[in-house]
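I opened the notebook to look at how two chains meet. I wanted the contacts first, then the helices.

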There are 2 protein chains.
Amino acid sequence: MTIELSQMSHDELSALLDEQRSLHAELEARGLTLDITRGKPSPRQLDLSRELLSMRVPRHAADGQDVRNYGGAKGLPEIRRIFAELLGVDVDHILAADNSSLAIMHDLLSFAMLHRLPGAEAPWFGRRIKFIAPVPGYDRHFSICEHLGIEMIPVEMGEHGPDMDEVERLASDPSVKGMWVVPMYANPNGVVYDEETARRLVSMDAAPDFRIWWDNAYALHHLTDAEPAPLPILQMAQEAGNPDRILMLASTSKITHAGDGVAFLASSTGNLDWYLKHSAVRSIGPDKVNQLRHALYLKDAEGVRALMRKHRALLAPKFQIVDTVLRRRLGGTGIARWTHPAGGYFVTLDVIDGTASRVVQLAKEAGIALTPAGSSHPLHDDPHDRTIRLAPSFPSEGELSAAMDGVATCVLLAAAEKLLS
Amino acid sequence: MTIELSQMSHDELSALLDEQRSLHAELEARGLTLDITRGKPSPRQLDLSRELLSMRVPRHAADGQDVRNYGGAKGLPEIRRIFAELLGVDVDHILAADNSSLAIMHDLLSFAMLHRLPGAEAPWFGRRIKFIAPVPGYDRHFSICEHLGIEMIPVEMGEHGPDMDEVERLASDPSVKGMWVVPMYANPNGVVYDEETARRLVSMDAAPDFRIWWDNAYALHHLTDAEPAPLPILQMAQEAGNPDRILMLASTSKITHAGDGVAFLASSTGNLDWYLKHSAVRSIGPDKVNQLRHALYLKDAEGVRALMRKHRALLAPKFQIVDTVLRRRLGGTGIARWTHPAGGYFVTLDVIDGTASRVVQLAKEAGIALTPAGSSHPLHDDPHDRTIRLAPSFPSEGELSAAMDGVATCVLLAAAEKLLS
């Protein structure tokens, strides 16, 4: 297809609509059940780390502690050392916890609601607290804020991060206490924050208890030969005179296994001590057996990098399929734009305004589950009803190809409906 | 020694004091480093489950879900089934989480501070909230309350539970919202709640958002041939018309490994749904690989019971040592009483009023770490300065014997000092 839909006559559009309706009906008749909703590793990706399921773990860590027993709140040095190197932080500034950086992000926020964060006048509960939420962004970040009654202020993402003039303006409001950032291969649009954006983020004026949840979920998740190192953000914050600004999160969820990985928090000594003080009331220590299992399996930073290249070999062709199918079906139509991320887990597909929910609905009828429209925005409110997140990692290549073809049909169908209405 | 110290003349007491001082000096000279502070399993106990460190875990649970991936918030049916049977609850009423029931207890309380618990008028944060705290009790329970600014009202423990007239009186106060209970082999005094006490607890009038944190940490941790089943407390609460009253906790921490076990929450559907609603914002699912590893290792309820008998074989002789040494050194002196628990992890040693902290201090000087005096009371305030918790599980039998002998010396020394002052 090479004519833009906006240039089509009424009859041409009607013909297109009929054609797509009939394709959609065929899809419905096939009874597909395809799911491209979440950034889940595929079974083949999980199989890369099959060794984890049968490894022999010694009883003691290198420092002699019995990994089977209580204690060791900061996590095992051997796993912290590997991720300190990968994330560009000092080993003293990183702690290793259980499965799921989401849990750490939640707990940091929950602790700040209940207890005075360093720099805060009082716990945040019951006060009007605002967070800066670059959009499109990660729905689970936004859910934590929504759940805790924290107001979110959307800021549009550009090519190298959010509109920083706007961010700086907002951060000068003392009731703005936090910001969500996915600095590399952002969920969902793949943006990589550049050094200038990062420098402005750590330097800008903000409340003393303002923190950035710097979610480095995809720091090592490259899809091309370029393997840029994560920004040395803790050091940058230190140099800018705001050492406590950054709460960096990471995990092995999309490196080894999604469900039984190890999560990390890297930050200033002040922030780590504060977190440990509160988490000590909650737990007598993380799962050190799993931490040691991971350290022995991954071996060192280079071991992780090598594993990530194997993930890339499985993932990159899927991103290629998304692009190929969308280009074949939607190229030149003028009704869709999509990202070409150099890493991460998602493609953002923008359709014509007011049709994203219709596309998701049509896809559902055709047996293709898409992330609900609006999910990339606070309170699920995409004011343009434009953005759809595609997660190509989980399905097989064949399923993905079928799903993307179906999605393209739905995009065309919804656009024709819209333009004819 | 067979004379009671209270019957001794001044000279006899002085002689005793000198004698114990010299024994204490000898202890100091030996440079011991013995630790009987915490209920930690010994390395030999952890070795019972050595299989866990090298087991091959399949990729899929019995219901087909990939245990390596995200999801499965309620935990794997196979591990829930085993503990449902052991704890006497319906499998639909139990969920399996990560390592540490302490974390679940904390989160339940933290969620209730931030979000409306069913029956509550509002979140608890910022309101005057009180908990009933049977004493002596578990310091980590009390720490959660202290940390969250919840007032604790101590109630003395009797032979079969706390003074229930007092508990009922307190529970009728609408600002009393919770209670800590360790129903079997209570930490630290080994009390087993009887059926009558339990019935009164589930039947008494209380605020609609009153809950009992029913910490069944030692339900399977018998030290004698008697292996009483846990009370069917969820059913009792249901029958009493208060189905939401009980939040039952348990874990494998003192069954398999202390640091990498599986924890459980058993409760009404209403409470479980409420917990899952809030924990879903925190986590995309527990470590199902470890849950499956545990289910395969433990096999079934009888597998757990058999393992617990092996623990007993290692633990019971240690409790015997505590009793033997204390009896030999302190029997007939009238200055100490201690418990003879039929299960659990602790012996409570009561010394003469006003000397518990002195005993802990003297022991510390002699290289023997004891749980700080007062730890068994809210805010570490034992009004009588009388109660010391002994945790005999971790040291070897030889170390334990030496430690108990040292403790006895400190008890005698502190008593002689006190009586001479």
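I started with a salt bridge. B:R68 pairs with A:D47, and their closest N and O atoms lie 2.6 Å apart. I note that this is a predicted model.

I then counted the salt bridges between chain B and chain A and got 6.

Next I looked up the whole interface. Chain B puts 59 residues into the contact, and chain A puts in 59 residues. The buried area between chain B and chain A comes to about 4800 Å². Carbon and sulfur atoms give 55% of that area. On the chain B side I asked which residues lose the most area to chain A. They are B:L53, B:R68 and B:R282, together 17% of what that side buries.

I moved on to the helices. Helix α4 of chain A and helix α4 of chain B each span residues 101-114. Their axes come within 11 Å and cross at roughly 55°.

From α4(A) they are A:H106, A:S110, A:F111, A:M113 and A:L114. From α4(B) they are B:H106, B:S110, B:F111, B:M113 and B:L114. By class, I noted 6 nonpolar and 4 polar residues in this helix contact, and no charged ones.

Note on methods:
Residues numbered from 1 in each chain as written. Chains lettered and ligands numbered in written order. Predicted model: local features only at pLDDT ≥ 70, side-chain atom pairs only at ≥ 80, totals over all residues. Heavy atoms only, no water. Axes fitted to C-alpha atoms, helices over the stretch in contact; angles between N-to-C directions. Helix = DSSP H or I, 4+ residues; strand = E, 2+ residues; numbered from the N terminus. Contact = heavy atoms within 4.5 Å. Nonpolar A, V, L, I, M, F, W, Y, C, P; charged D, E, K, R; others polar. Buried area = accessible area lost by both parts, 1.4 Å probe. Salt bridge = Lys/Arg side-chain N within 4 Å of Asp/Glu carboxyl O.
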